[in-house]
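This report takes up the sheet and then one of the helices. The reader may wish to keep the sequence and the structure in view while following it.

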Amino acid sequence: MILKLVDVSKKYRQGELEVPALSHVNFEMEEGEYTAVMGPSGSGKSTLMNLIGCLDQATEGEIYLDGRLVSRCSDDEMAEIRLNKIGFIFQSFQLLPYESALENVALPLTYAGVPRNERLRRAEEMLGKVGLSDRTGFLPNQLSGGQKQRVAIARAMINHPKILLADEPTGALDSASGVQIMELFRELNGEGVTILMITHDAAIAQHAEKIAMIRDGVLTGPERAQETEARK
């Protein structure tokens, strides 16, 4: 079991009020699975991603990542988990604007203390894996949206994380680029990479093997993507 949530809830305080964002979520993923969590804006998707990604802590319940109880970790422990266990992919790419594609991909290895020659070698290898061997020296503003997301995926993969967390990975892309990114996800998953994708787009969710639905902080599923499509 690579990921397990047990009766997880999250509440935020707004003045004297407690606002529920997630309610008693139970969820599991095995290593190598590819699951999408789909729901509308305000459904709790981003809160769920933040908790799984060790960017925030649950109000109640337990979260296990790669067998470790991460929902009770200190800030320093969560930072170590984010660096070594989780690869993040964002809608807005989150690339450093004045660094090349190569330097952006190598960035996590800098934090991990890997020597410069080794981290650049590994970054170049990873850019080749996502089809950007000829773009290593390009700045983000010289790349298309799809190419920026490929750089972001290469950066997320550079530390060989236990799980990729993708938050609306096609949200800033045109439809053709979005399909290409989904094809790349399928290739990575075929190589054994565990992927959890957050999306509001039913067509994008169908690229995953399984789909879970979230609404008003309540998660249902997951079930096979074909079963979700068949009920429409």
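## The sheet

Two strands are taken to pair if DSSP finds at least two bridges between them. In this predicted model, four strands form an open sheet with antiparallel pairing, and their order is 2-1-4-5. Strand 2 (17-29) and strand 5 (68-69) stand at the edges and have a single partner strand each, so one side of each is left without a neighbour in the sheet.

Strand 1 (residues 3-14) and strand 4 (residues 60-65) are joined in the antiparallel sense over five bridges, and the bridge partner of Ser-9 in strand 4 is Glu-60. Helix 1 (residues 45-52) packs on the sheet, where it touches strand 1, strand 2 and strand 4, and its direction makes about 120 degrees with that of strand 1.

## Helix 4

Helix 4 (residues 116-129) has 14 residues, which at 1.5 Å a residue should span 20 Å, and this agrees with its end C-alpha atoms, which are 20 Å apart. Its buried residues are Arg-119, Leu-120, Ala-123, Met-126 and Leu-127. Seen down the axis of helix 4, these buried residues fall within an arc of 125 degrees, so they line one face of the helix. An α-helix has 3.6 residues a turn, so residues three or four places apart point the same way.

## Surroundings of helix 4

The buried residues of helix 4 pack against helix 3 (101-111) and helix 5 (145-157), whereas the face turned away from the buried side carries the exposed residues Asn-117 and Glu-125. Just after helix 4, Gly-131 takes a positive phi of about 80 degrees.

Methods. Residues numbered from 1 in each chain as written. Predicted model: local features only at pLDDT ≥ 70, side-chain atom pairs only at ≥ 80, totals over all residues. Heavy atoms only, no water. Helix = DSSP H or I, 4+ residues; strand = E, 2+ residues; numbered from the N terminus. Contact = heavy atoms within 4.5 Å. Axes fitted to C-alpha atoms, helices over the stretch in contact; angles between N-to-C directions. Expected span 1.5 Å × (residues − 1). Buried < 20%, exposed > 50% of the residue type's maximum accessible area, 1.4 Å probe, protein only. Arc of directions from axis to C-beta.
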